[in-house]
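Here are a few friendly notes to read with the structure open beside you. Take the points one at a time and find each place as you go.

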Amino acid sequence: MKTFLKVGLVVCATLLSQSCTKYLDVVPDNTMTLEDLFDTRETAYEALARVYSYIPRVDDTHLTTWTLGDEFVGRLDLNNNTGNLRAMRIMRGLQSATNPQLGTWSGTEGARSLYDGLRQCDVFLQNINNVRDMSDLEKAEWAAQVTFLKGYYAFLLVRQYGPIVLPTKMVSPEASKEELFLPRSKVEDCFNYILALMDEAIPNLTERATESNMGQVDQVAAKAIKARVLFYRASPFFNGNQEYFGDFVDHDGQPFFPLQYDNEKWKQALDAINESIALCEQNGLRLYHFEKEPFIYDREAFSTNEENMRTLYDLRMVICDPWNRELVWGFSNHNYYGQGELAHSTNIRLPAGYGDGVINTAEFSWQWMAATYKMVERYYTRNGLPIDEDLTYNTATMHELTQTPGLLDPEYAELNGIMQPGAETINMYLNREPRFYANLGITGGFWRAHTVRINTMMYNGADGGYNSSTHATDFLTTGIGVQKLIHPESQSAAWQRVIRFPYPLVRMADLYLMKAEALNEYSGPSQEVYDAVNLVRERAGIPDVEVVWSDAGLAKTVNKHRTKEGMRDIILEERSVELAFEGQHFWDMWRHKRAVAEFSSPVWGWTHTGTTGESFFALEVKQARRFTITDYLWPIDLEEMNTNGNLIQNPGW
């Protein structure tokens, strides 16, 4: 299948009618003029791809923002390498105004400048009508895509920096200082600018991109992103945030942030979310369910434990089944020939004795991006409640060793295909919700990759665990893996053996949970709020939210769902589980001003060098973390500050 957003060094992998050489000649070659670039549809298409290339690399292990927060931790020998794991350096308190990590304002420390991207948008929009072999309708549609991307890039800047310099017009090289060195605009003006661009673009976009153009912005994707923009604008960080930014003022003495809370912003967000969901559903988008034949190694489990296995497959494949019906918009700008994606850094090596793959090779299976212990705690019990809220879940004994039922034991029937029979594990790994087993790699569980099902134990020397003889520097430092982002058929040793898929920028589960949150914030708990959350919970194989939270025999805080504050917590918890490892939890805590409390505690994990249950299941601190109020907004690079005297630096920097 051909997709659109394969640009940069691997453009020839997907833009099949154009060569890599031709693409790479477009921008660096100073002899090519704008007239040449916008002479024909073919070269203009390359310019369009150039605009798309500024979408941040959410897939790249070292450049992604998905590792902000507390979900991932990398191998410890990378801790002090300044060129790696940029987002984790921010979480460790290593952000700097001298060289901002992932600084999209100036393009520092692993990021590309989104202001460069905005200029590419302006160049495209100024010249697209000069192309001689395109219809006016196609020109308008391409221009709409770029207009939308201009708004999207401005939104990403606002999310990182708050008030930004609005690129209201393209500045020429002959511009005066007054035209070049502009001040930052108020946050509300920034949102109005972004929304105006998106509103301008949406009517001229194709309603749904065709199969050959997947990855291009269409109305379905654009309306979902517009809904997200309004969702962020209504959230506490941007809506009445006097606590953080009451004294953050412009040259005119007026605050950059709106300091008065406006509940109607939630209504505007809700209307946009509902409009987005309606358009998605009209175009056949809905929550994903696996409808293919199960892999050979799981057929026996399907025959005896079909309901649980179908739920497991729904959850295991929702991200890595390419371009499935739940994906609203996906990032697909992959480097097809290279390695470095989160799918590669999280995948474990193929141990000896499994299938015919290349065993224990590091290529495309780095085996060192681990899940934190916090993630083991975060997933629900089988009753759909947090472990500290489920009265039937014994937290006092959850770290004690136990053994799963044997293959012939009647109790094993519901665990078949989910946990190994007769395996040593701990109580904490039993009686959990299906997403726990689908997303994580645990001792006593299964790891589906390399076209086989691996019996993971995670102990030193065991399958999936630390092994000094084969990968002494590559290991899951917490002893907990992440298999959510790995296609079960992905293998090692060569790029041709890896299954690629678009990383979700928006999917339907996100939209449904956004609806629940916006509606709860606007008018409080209701059956409509519960129904939106229950769509996601039903697919996850857990009871409806109002059922379990009203059961005094199950819920510690009975009827928590009946207050706005309680339902807010429940929705955010649901988002943290359903969208785990997808780059959403950090921003959810950020939106609600909970990031300092949530992300300033150390990362814990099991003792990965342990060879037995007793020595392995001992918690230890893996990495210190420090996130402060100052870190909410990225610093503007000092070089930029020194160049433009009209800029006011973000608080604390």
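1. How many bridges join S2 to strand S10 (residues 503-507)? There are four, and the two strands run antiparallel. Please keep in mind as you look that this is a predicted model. Strand S2 covers residues 327-331, and five of its five residues are buried, so the rest of the structure largely encloses it.

2. Next, turn to helix H6 (136-161). H6 has 26 residues and reaches 37 Å from its first C-alpha to its last, close to the 38 Å expected at 1.5 Å a residue. This helix is mostly covered, with 22 of its 26 residues buried. Just after H6 comes Gly162, which takes a positive phi of about 75 degrees.

3. Helix H8 (residues 187-201) has 15 residues, and its reach of 21 Å is close to the 21 Å expected. Its buried residues include Phe191, Tyr193 and Leu197. Which helices do the buried residues of H8 pack against? They pack against H6 and helix H9 (219-234).

4. Is Lys265 buried or exposed? Lys265, found in helix H11 (residues 264-282), counts as buried because its relative accessibility is 6%, and the cut-off for buried is under 20%. Apart from neighbours within four places in sequence, its contacts include Glu188, Leu230 and Arg233.

5. Now for the charged pairs. Side chains of opposite charge can pair when their charged atoms come close. A search of the whole structure finds 46 salt bridges. One of them joins the side chains of Glu306 and Arg310 (3.0 Å, N to O). These two are four residues apart in helix H13 (residues 306-317), so about one helical turn separates them. Glu306 is partly exposed at 43% relative accessible area, and Arg310 is partly exposed at 36%.

6. Compare that with Asp510 and Arg575, whose side chains meet in a salt bridge (2.8 Å, N to O). This pair links distant parts of the chain, 65 residues apart: Asp510 is in helix H18 (residues 508-523) and Arg575 in helix H21 (residues 564-578). Both Asp510 and Arg575 are buried. Salt bridges that share partners also build one network, whose members include Glu326, Arg435, Arg507 and Glu574.

7. Finally, look at the surface. Trp604, Leu619 and Val621 form a nonpolar patch there, with about 250 Å² of accessible area together. Trp604 lies in strand S11 (residues 603-605) and is partly exposed, with a relative accessible area of 38%.

How values were computed: Residues numbered from 1 in each chain as written. Predicted model: local features only at pLDDT ≥ 70, side-chain atom pairs only at ≥ 80, totals over all residues. Heavy atoms only, no water. Expected span 1.5 Å × (residues − 1). Buried < 20%, exposed > 50% of the residue type's maximum accessible area, 1.4 Å probe, protein only. Contact = heavy atoms within 4.5 Å. Pairing = 2+ DSSP bridges. Patch = residues over 30% accessible without salt bridge, like charges linked within 9 Å, V, L, I, M, F, W, Y side chains within 5 Å. Areas by Shrake-Rupley, 256 points an atom, 1.4 Å probe, with all protein chains shown as cover. Salt bridge = Lys/Arg side-chain N within 4 Å of Asp/Glu carboxyl O.
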